[in-house]
Amino acid sequence: MTLASIPNPDLAIAADNKPRWELPDHRRHGFHNLHRIARYSLSFRAPSVMPLVKQVDWTIGERPDVARFLAMPHFSAFVVVQGNHILYEAYAPDFGPNRTHSIQSITKTTLNLMLGRAVADGLVDLDERVGTYLPEIGTGYAEATVKTTADMNVANDFTEDLSDPDTMWWDMEGAIGWRLPPEGEKEGTIRSFLCGITSDNLVNRTGEALYKSTNSEIIGWVIERASGRALRDWLIEIVEAAGLEGCFHITCDREGVPLVDGGACLSARDLARYGLLFARKGEGVDGRRVGDAAFIEDTRRNPGPSLQKSRRYSRQTMTDGTWLGHGGWGGQYMLANPDTGTVVVYFSVIENKSASDGNFSDQLVEMMANLAAEL
């Protein structure tokens, strides 16, 4: 007798060309448990932990602009850290300080640290063509420079409108284990997918950032190829320098390539510890240094194309010229202010059809930026 099987219900396509874990009714569970749901993942822990000492300022939670976001139905966590002090933290009833949350595209900021080191060490030239480092890459990136790719300033055929059931991002999800491939089709890999992206004109004529998560995967691949070191090793160095207490989980594909565009899952406190690497311009615990101070400073002072309102996109981060940060699909944001040494983290799971809300995001960033500047 042969036992039968059924498609994994979390990963099978359920509606709107989305797997069940991404649908509104299941999304909160999905974002709180993606490190268990994804088919393939890597996990790292630091050998030494940066202690965080509570020095609570209750007036932070009493600010009307903060209280509003803590009362949102999709709220999960909020942490404010300065130096090694937790100035304020709050959690939803179904979450907590030791719980893990998908940080989605906040993961991209790891590439700023890696790229800064690679540039400082003379391994990568921002003005060089991607094809110089990756001869096998397709027309979607071969003639683009590393800088325009890192700044989300490349025009190609990849689309990432997550409100569109036919956007190409969903095809990429099949290569990263966030969904099952169509019946009868072989599961792909991140880098084979990247090689299939095409373009007949790479010049961005919109005047605004063309946000494509594949750009981040290209930058990661360039860093790995130019350095001769696996991305896994670069990520371990970042985890150790941040002094994370819990696990740093990151989705990978079947070949073990980490999903650096959005695969990480962390606790809110550990994301704050990680954000302090930017607040300290690359300085980690125990004298460990990741990133490059001059590169981080140049990132915020010489930003790339405009993104939203006062934000611009610069070397895999978002910035207004003062703070550095990034958002994540579904309602996440991490913001670090090097001038005040403050990091603010917000987790939520927006449960509308698209898992996004531009007005919410704009107002959230404004609140976090004001808070980080004033402390």
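## A tour from a buried arginine to the sheet

Start by selecting Arg191, which is buried, at a relative accessible area of 12%. Keep in mind as you go that this is a predicted model.

The side chains of Glu224 and Arg191 form a salt bridge, with N to O at 2.6 Å. Color helix α8 (residues 190-195) and helix α9 (residues 213-227): Arg191 sits in α8 and Glu224 in α9, so this pair ties together parts that lie 33 residues apart in sequence. Is Glu224 buried or exposed? With 19% relative accessibility, Glu224 counts as buried, because the cut-off for buried is under 20%.

Next, go to Glu245 and Arg273. They form a salt bridge too, and their closest N and O atoms are 3.5 Å apart. Glu245 is in the loop between α10 (231-242) and β8 (248-251), while Arg273 belongs to helix α11 (residues 268-279); the two are 28 residues apart, so the pair links distant parts of the chain. Show the surface here: Glu245 is partly exposed at 41%, whereas Arg273 is buried at 4% relative accessibility.

Glu89 is in strand β6 (residues 85-91) and Lys54 in strand β4, 35 residues apart. Glu89 is buried, with a relative accessible area of 13%, but Lys54 is exposed at 51%.

Nine strands make up an open sheet with mixed pairing, in the order β4-β6-β5-β15-β14-β13-β12-β11-β10. Which strands are at the edges? They are β4 (53-54) and β10 (306-308), each of which pairs on one side only.

Zoom in on strand β11 (residues 311-314) and strand β12 (residues 317-319). These two run antiparallel and are joined by three bridges. Select Ser314 to find Thr317 of β12 standing opposite.

For the last stop, highlight helix α13 (residues 358-374). Helix α13 lies across β5 (75-82), β10, β11, β14 (332-337) and β15 (342-348). Line up your view with β14, and you will see the helix running at about 30 degrees to that strand.

How values were computed:
Residues are numbered from 1 along each chain as its sequence is written. This is a predicted model: local features need pLDDT of at least 70, side-chain atom pairs count only at pLDDT 80 or more; totals for chains, interfaces and linings use all residues. Side-chain values use heavy atoms; hydrogens and water are left out. Two strands pair if DSSP finds at least two bridges between them. Helices (H or I, at least four residues) and strands (E, at least two) are DSSP runs, numbered from the N terminus. Contact means heavy atoms within 4.5 Å. Axes are lines fitted to C-alpha atoms, for helices over the stretch in contact, and angles run from 0 to 180 degrees between N-to-C directions. Buried means under 20% relative accessible area, exposed over 50%, partly exposed in between (1.4 Å probe, protein chains only). A salt bridge is a side-chain nitrogen of Lys or Arg within 4 Å of a carboxyl oxygen of Asp or Glu.
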